[in-house]
Amino acid sequence: MRLIIREDADHVSSYIANYIKERIAQFKPSAERPFVLGLPTGSSPVGVYKKMVELHKAGELSFEHVVTFNMDEYVGLPRDHPESYHSFMWKNLFMHVDIKPENVHILDGNAPDLDEECKKFEVEIARVGGIELFLGGIGPDGHIAFNEPGSSLTSRTRVKTLAYETIIANARFFDGDVTKVPKLALTVGVATVMDAREVVVIITGAHKAIALAKCIEEGVNHMWTVSAIQMHPKGLIVCDEDATLELHVKTVKYFKSIEHVHQNLIGAENLSLQGGVKQLKGPASHPKTPMNGPLE
């Protein structure tokens, strides 16, 4: 697992947007082989989506051959409600880029059979060959998607009751009135996210510092579902300085030192986008210490 620390939320958003841009470019997607991208909602990805739109308008990022699957949707909220995640995604990203509407997959919280809707979502993910990169945000209690504390780490897309803390946190989107916040949601499971070939998590703000510390410095725990990323072979967390406030100083220094080694001693030209080492050149190489695969 890699942890990248940036100065503030804006720099985090820029890093992630450019990272996804490069991942899509390197993948070279086509109509027959699209890039499958998992996407979150909520406050965490807003800055990332803004940067992605800017990259698209600059001609640096295309969604023509990108297929998306969103993490979650409220149950019972009309699709055109301003706070539905369907509305959120079109407002913040999809309406500003060249994605094909048929390539957008968002759970239907008004489906007549919610369990069947969840099963169909999993089947569709499998049909397109799985998710290449799943982008996620977390709540202050460390939940990813709507996998609240106590969720099974082997869970799949399902109906989920929201924790009271999540309802309170989301009340800001409903005029501060907790009675207006839906109490149920459809959500991908922890295992659905971790089945992606790469997982990237956004964590910003001091209010998420405890969750980051639990994820980085403690073991895998279903009470902090984002901690499942520890078990992923290609997990990446990008956070700001505020989010590191609960980490031990030596932990922060360690991950910053790894990035320093990557950039200044090994050299960016010798690294793949995902942290793997290419054939080393110059002073970074050493005939007795061959380096292959990702650095963690």
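Me: How many aromatic pairs does the structure hold?
Reply: The structure, which is a predicted model, holds 11 aromatic pairs. One of them joins Tyr15 and Tyr19, whose rings are stacked, at 6.3 Å centre to centre and with 15° between the planes.

Me: Where do Tyr15 and Tyr19 lie?
Reply: Both are in helix α1, and the 4 residues that separate Tyr15 from Tyr19 amount to about one turn of the helix.

Me: And Tyr19, buried or exposed?
Reply: Tyr19 has a relative accessible area of 4%, so this residue is buried.

Me: Which residues form an aromatic cluster?
Reply: One cluster is formed by Tyr49, Tyr74, Tyr85, Phe88, Phe146 and Phe174. A ring also takes part in another kind of arrangement: the charged end of Arg33 sits over the ring of Phe27, at 3.8 Å from its centre.

Me: Tyr85 and Phe88, what helix are they in, and which of its residues are buried?
Reply: They belong to α3, whose buried residues are Tyr85, His86, Ser87, Phe88, Met89 and Asn92. Since 6 of the 8 residues of helix α3 (residues 85-92) are buried, the helix is largely enclosed by the rest of the structure.

Me: What do those buried residues pack against?
Reply: The buried residues of α3 pack against the strands β2, β3 and β4 (72-74), and against the helices α2 (46-57) and α5 (164-170).

Me: What about Glu83, where is its place?
Reply: Glu83 is found in the loop between β4 and α3. Its relative accessibility is 26%, so Glu83 counts as partly exposed.

Me: What is Glu83 in contact with, beyond its neighbours in sequence?
Reply: With neighbours within four places in sequence left aside, Glu83 is in contact with Tyr74, Leu77, Phe173 and Phe174. Phe174 stands 91 residues from Glu83 in sequence, yet their C-alpha atoms are 7.5 Å apart in space.

Me: Changing topic: what is the order of the strands in the open sheet?
Reply: The open sheet has 7 strands in the order β1-β10-β9-β6-β2-β3-β5, and their pairing is parallel. At its edges stand β1 (2-6) and β5 (104-105); each has a single partner strand, so one side of each is left without a neighbour in the sheet.

Me: Which helix packs on the sheet and touches β5?
Reply: Helix α4 (residues 114-127) does, touching both β3 and β5, and its direction makes about 155° with that of β3.

Me: How many bridges link β2 and β3?
Reply: Strand β2 (residues 35-39) pairs with strand β3 (residues 66-70) in the parallel sense over 5 bridges. For instance, Phe35 has Val66 in β3 as its bridge partner.

Me: And Asn70, buried or exposed?
Reply: Asn70, in strand β3, is buried, with a relative accessible area of 0%. Its contacts, neighbours within four places in sequence aside, include Leu39, Met89, His105, Phe121 and Val188.

Me: How many residues has the largest nonpolar core?
Reply: It has 43 residues, and those with the most contacts inside it are Met52, Phe63, Leu93 and Leu135. Helix α1 (9-27) is among the elements that each supply at least two residues of this core, and α1 gives the most, with 7 residues.

Me: What does Met52 touch?
Reply: Not counting residues up to four places away in sequence, Met52 touches Ala17, Ile20, Leu61, Phe63 and Leu93. Apart from this core lies another, of 41 residues, including Phe69, Phe134, Val190 and Ala211.

How values were computed:
Residues numbered from 1 in each chain as written. Predicted model: local features only at pLDDT ≥ 70, side-chain atom pairs only at ≥ 80, totals over all residues. Heavy atoms only, no water. Pairing = 2+ DSSP bridges. Contact = heavy atoms within 4.5 Å. Axes fitted to C-alpha atoms, helices over the stretch in contact; angles between N-to-C directions. Buried < 20%, exposed > 50% of the residue type's maximum accessible area, 1.4 Å probe, protein only. Core = buried A, V, L, I, M, F, W, Y, C linked by side-chain atoms within 4.5 Å. Phe/Tyr/Trp six-rings, centres within 6.5 Å; stacked < 30°, edge-to-face > 60°. Lys NZ or Arg CZ within 6 Å of the ring centre and 35° of its normal.
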